[in-house]
Amino acid sequence: MTNKFAHLLVIPSLFIALSSFAEGTLPLAEQVSISADKQLAQLKKNVGIFEKNVEIIHGNRRITADHLEVHKREDLGDNKQLLVATGSPAYFEEKQTDGTIMSASANEVRYDVDKRYLTLIGNAQVTQAGQKINAKSITYDMDQQLISAEKDENSDERVHTILVPVNTKKDNEKGQP
């Protein structure tokens with residue numbers, strides 16, 4: 001019974017470590033908040049598992065999912081974090097520097113914290129500033145602003161993109177829509 005109790009004390013420590021995206025203590029604005037109906041930990045593998053009604057908030061990022069795994073490994077870079085969210089669908093959103101919201105959804109959302117690399121698998125969709133991309137899978141290098149989308153090779157359904165014209169200040173001054 002004592003051994004089980006010791007594990008219960010270690011689990012909160014693991015979650016604190018998993019939620020630190022850098023070595024040491026993060027300022028309050030940079031801290032990660034994870035809430036779920038159930039939390040587990042695979043201590044030997046450095047994996048935190050969160051299930052049912054999962055929500056993670058970190059600065060200007062928010063993820064919601066049915067299931068979230070937080071992997072912490074040395075080979076993942078300085079921040080050592082890989083978030084794998086699954087759901088019907090799982091959602092990822094981030095407020096951009098220009099104030100717009102980039103939102104993404106898929107059956108599986110993978111976010112490499114160090115590389116700021118988003119991988120969406122299954123019914124993938126990315127929306128930003130009125131633009132929308134739908135595909136079987138989408139990868140998004142957020143730092144380089146590079147998106148790659150692919151259709152399912154076993155389907156006739158192709159990648160679909162919707163582009164919305166952006167009105168410029170000059171267009172508005174001329175009375176053009």
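Guide: Happy to! The largest pocket holds about 230 Å³ of space. Its lining is made up of 13 residues, and those closest to the pocket's centre are Asn123, Ala135, Lys136, Glu157 and Arg158. Please keep in mind that this is a predicted model.

What kinds of residues make up the lining? Of the residues there, 6 are charged, 5 are polar and 2 are nonpolar.

Now for the strands. Strand S7, which covers residues 117-128, gives at least two residues to the lining of the largest pocket, and strand S8, at 131-141, also gives at least two. You can follow how S7 and S8 sit together: they pair in the antiparallel sense, over 10 bridges. As a landmark, look for Tyr117, which stands opposite Asp141 in S8. S7 and S8 form a hairpin, with 2 residues between the strands. In that turn, Ala129 has a positive phi of about 50 degrees.

Strand S6, residues 101-112, pairs with S7 in the antiparallel sense over 9 bridges. Here a handy landmark is Ser105, found opposite Gln125 in S7. S6 and S7 also make a hairpin, this one with 4 residues between the strands, and in it Arg116 takes a positive phi near 50 degrees.

Methods:
Residues numbered from 1 in each chain as written. Predicted model: local features only at pLDDT ≥ 70, side-chain atom pairs only at ≥ 80, totals over all residues. Heavy atoms only, no water. 1 Å grid on protein atoms, 1.4 Å probe; cavity = no way out; pocket = protein on both sides within 12 Å on 5 of 7 lines; lining within 4 Å. Points joined across faces, edges and corners; volume = space filled by probe spheres on them. Nonpolar A, V, L, I, M, F, W, Y, C, P; charged D, E, K, R; others polar. Pairing = 2+ DSSP bridges.
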